[in-house]
Amino acid sequence: MANATSGGPGRISGDGSVTAHAPAKVNVHLGVGPLREDRFHELTTVFLAVSLYDSVTAWPDEGLSLTVSGEGATDGAVPTDSRNLVWQAAELLARHAGVAADAALHVDKSIPAAAGLAGGSADAAAALVALDALWGTHATRGDLAGLAAQLGSDVPFSLLGGTAVGTGRGEQLSPVLARRRTDWVLGIAGEGLSTPSVYAELDRLRAAGELPAASTAGAPDDIVAALGGDPAALGAALANDLQAPALALRPDLRGALDAMTAAGALGSLVSGSGPTVAGLATDAEAAQALADALAHTGLFRALRVVHGPVPGARLVG
Ligand code: ATP
């Protein structure tokens, strides 16, 4: 893993391995439309890639094997067989490129599993980039984006990174040229939440009339404008239609959101399907102070100070 040489597919280290990393994401806007015929919801979302990374290392080997370390490695939260998106990414790229799926893979996780931070998607995107280099398949970014969309709705964004508006299932991306840095605290609250269960709860609450039948998140225009300017305006514009169902399933998250604002966050929201809560700070120093204040509340299993936007999946040496 050490001593990697620089440059594209030649980035293979002394032991023959290639490593790529990919960032977590926060949906700073998530509007969920009605169920489509294919049982997916129509989304309008604004993704922000943040500086919390998983890495995937690939070595030449016969057949596929997978090991995992870090977040979720010991509690069974992350599968190490063909249920893992990294495994599926390897098989898909091999099929696409017409090569044998031969590699030993290792995932080192800093992104908690089932936390609404797209950890599995980040791993899949990193695996595509690492294996493209290891196998010399010379896939274009467009090829990789097509494979990413087959692996999951969030995988294309994990590959692209930065800031982007996502439509469709979230896989149709338009990059947003907002390079202004924003600083956040991610509060990881308790056990993971399954994404399908949060969508099912949203459908149930809408059908029961406990929530409006349509999205209440509004258009993403305010958030896109705020991303390039005033953090206070950004804090006020944060919106997520999955927050109400996540709170219905996990009422304790209300306390986590309130604690973020009480500790000085400019705004807070549930990230994706939760249970991670993201709090926006004025700058890096304020984000660290926010995390320090929240550490004393006992509400969070872990707190991470991050910033965005950061690039998507790429080789690291
Ligand atoms: P989503 O991207 O759907 O919002 P999430 O970010 O909340 O999901 P992930 O960390 O991607 O959650 O994990 C969701 C589930 O995916 C896990 O519970 C696990 O069973 C499965 N999974 C498959 N591959 C991975 C992986 N590499 N890392 C973590 N989970 C994985």
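Helix axes are taken here as lines fitted to C-alpha atoms over the stretch in contact, and the angle between two of them runs from 0 to 180 degrees between N-to-C directions. The model described is a predicted one. Two packed helices are described by the angle between their axes and the distance between the axes.

Helix H1 spans residues 85–97 and helix H3 residues 141–151; their axes come within 10 Å and cross at roughly 135°. H1 and H3 are therefore oblique to each other, and the crossing in which H1 passes H3 is right-handed. On the H1 side the contact is made by Leu-85, Gln-88, Ala-89, Leu-92, Leu-93 and His-96, and on the H3 side by Asp-143, Leu-144, Leu-147, Gln-150 and Leu-151. Seven residues of this contact between H1 and H3 are nonpolar, three are polar and one is charged.

H1 also packs against H2, with axes that come within 8 Å and cross at roughly 40°. That angle makes H1 oblique to H2. H1 passes H2 in a crossing that is right-handed. From H1, the residues in contact are Leu-85, Val-86, Ala-89, Ala-90, Leu-93 and Ala-94. H2 contributes Gly-120, Ser-121, Asp-123, Ala-124, Ala-127, Leu-128, Leu-131, Asp-132 and Trp-135. Sorted by class, the residues of the contact of H1 with H2 comprise 11 nonpolar, two polar and two charged.

The remaining pairing considered is that of H2 with H3. The axes of H2 and H3 are 10 Å apart, and the helices pack at an angle of about 145°. Their crossing is right-handed. Ala-124, Leu-128 and Val-129 of H2 meet Arg-141, Leu-144, Leu-147, Ala-148 and Leu-151 of H3. The contact of H2 with H3 has seven nonpolar residues, no polar residues and one charged residue.

The ligand is surrounded by 20 residues, of which Asn-84, Gly-116, Ala-118, Gly-120 and Asp-123 are the closest. Gly-120 and Asp-123 are also among the H2 residues that contact H1. An N or O atom in the side chain of Asn-84 is 2.9 Å from a nitrogen atom of the ligand. Backbone atoms are involved at two further positions. At Ala-114, a backbone N or O atom lies 3.0 Å from an oxygen atom of the ligand; at Leu-117, a backbone N or O atom lies 3.2 Å from an oxygen atom of the ligand.

Backbone geometry was examined next. Most residues other than glycine have a negative phi, and most peptide bonds are trans. Ala-114, although not a glycine, has a positive phi of about 50°. This residue is placed in the loop between strand S4 (103–109) and helix H2 (119–135). The backbone of Ala-114 also supplies the N or O atom that lies 3.0 Å from a ligand oxygen atom.

One joins Gly-274 and Pro-275, with omega about 5°. Pro-275 has its place in the loop between strand S9 (267–270) and strand S10 (277–281). Another cis peptide bond joins Gly-308 and Pro-309, where omega is about 0°. Pro-309 is found in the loop between strand S11 (302–308) and strand S12 (314–316).

Technical notes. Residues numbered from 1 in each chain as written. Predicted model: local features only at pLDDT ≥ 70, side-chain atom pairs only at ≥ 80, totals over all residues. Heavy atoms only, no water. Helix = DSSP H or I, 4+ residues; strand = E, 2+ residues; numbered from the N terminus. Parallel < 35°, antiparallel > 145°, perpendicular 65-115°, else oblique. Left-handed = near helix turned anticlockwise from the far one by under 90°. Contact = heavy atoms within 4.5 Å. Nonpolar A, V, L, I, M, F, W, Y, C, P; charged D, E, K, R; others polar. Near = heavy atom within 4 Å. Polar contact = N/O pair within 3.5 Å; in protein donor to acceptor, adjacent residues only side chain to side chain.
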